[in-house]
Amino acid sequence: MIPWVLDEDGDDAFGLQQADHNVSGGDNDPYTDWIYWYEPNPLTPGTAGYDAFVAAGGAYDGSQGTGDEVMARVVLVSVNGGSVSDVTWPANLAATIPATGNVIRIVSTKPLTVADAFTVNTAAYASVQSATAETVSLNRINVFPNPYYGSNPLETNRFQRFVTFNNLPPKAKVRIFNLAGQLVRVLDKEDTSQFLQWNLLNFYNVPVASGFYIVHMEFPELGESKILKLSIIQEQEVFDSY
């Protein structure tokens, strides 16, 4: 955090002022100038927030290089450190500021306990898997590679050929037609994966011919449909049997 120091006694220095704090009830509890703690802006790990604060000229108005105020009017108190009414002030003090290397830990007086209980109501929120979210995601449905040009980088051998449909909902029926309107293959999807593969085979498990194909998709749970165009350029086929 970034400290904003209010020089309450106007001596142009941060330190103990000749004023008594009521922490012990005596007159020997001098305390420092006030400290206001601000979040850095940006809130990122490292010194980026502080660097932005310095680059902005070190303005302590909560707007240049600093974010929201976190704690206000924080002071350090030298408990029983020396009477503020002593004529030898500040020579009578045991110390005027914490020594170099001292660690000051700020502990909340209102920590969470096992007795604390919190209730979170999510009734107004919709799951990311809701029908509305899935309907919106239909715009991202695609097929790759497209065009299929003899091979797919994901194929592991020359006998494993396929294209992949992505961003699909759990249930889908995919019908693939050639340009003559003939139904070439039907694929059914019923799983939680977003992917569905087509091995480029027709109903008879014969590789389809090179050309353009129309892919018609239906999503029964959403009441929606989508059409894609797919181009396939096959390698030369040599069949062992006919």
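**Briefing: sheet, core and salt bridges**

S9 and S10 run antiparallel and are joined by seven bridges. The model is predicted. Both strands belong to an open sheet of five strands with mixed pairing, in the order S7-S13-S12-S9-S10. A search of the whole structure finds five salt bridges, and three of them are described below.

**Sheet**

- The edge strands are S7 (148-149) and S10, each of which pairs on one side only.
- Alanine 172 stands opposite lysine 189, a residue of S10.

**Largest nonpolar core**

- This core holds 24 residues, and those touching the most other members are Phe165, Val174, Trp198, Val215, Met217, Phe219 and Ile232.
- Two or more residues each come from strands S8 (163-166), S9 (171-178), S10 (183-190), S11 (196-198), S12 (211-219) and S13 (224-233).
- With four residues, S12 gives the most to the core.
- Leaving out residues up to four places away in sequence, methionine 217 touches Ile141, Phe165, Leu168, Lys173, Val174, Glu224, Ser225, Lys226 and Leu228.

**Salt bridges**

- Glutamate 221 and lysine 171 meet through their side chains in a salt bridge, at 3.9 Å from N to O. Because glutamate 221 sits in the loop between S12 and S13 while lysine 171 is in strand S9, the pair ties together parts 50 residues apart in sequence. Lysine 171 counts as partly exposed, at 35% relative accessibility.
- Arginine 175 forms a salt bridge with glutamate 218, and their closest N and O atoms are 3.3 Å apart. Arginine 175 lies in strand S9 and glutamate 218 in strand S12, so this pair links parts that are 43 residues apart in sequence. Both residues are partly exposed: arginine 175 has 24% relative accessibility, and glutamate 218 has a relative accessible area of 33%.
- Lysine 189 and aspartate 191 meet in a salt bridge between their side chains (3.1 Å, N to O). Lysine 189 counts as buried because its relative accessibility is 2%, under the 20% cut-off. Aspartate 191 counts as partly exposed, at 36%.

**Threonine 32**

- Threonine 32 is part of strand S3, which covers residues 30-32.
- With a relative accessible area of 2%, threonine 32 is buried.
- Setting aside neighbours within four places in sequence, threonine 32 is in contact with Phe14, Gly15, Leu16, Gln17, Val75 and Leu76.

Methods. Residues numbered from 1 in each chain as written. Predicted model: local features only at pLDDT ≥ 70, side-chain atom pairs only at ≥ 80, totals over all residues. Heavy atoms only, no water. Buried < 20%, exposed > 50% of the residue type's maximum accessible area, 1.4 Å probe, protein only. Contact = heavy atoms within 4.5 Å. Core = buried A, V, L, I, M, F, W, Y, C linked by side-chain atoms within 4.5 Å. Pairing = 2+ DSSP bridges. Salt bridge = Lys/Arg side-chain N within 4 Å of Asp/Glu carboxyl O.
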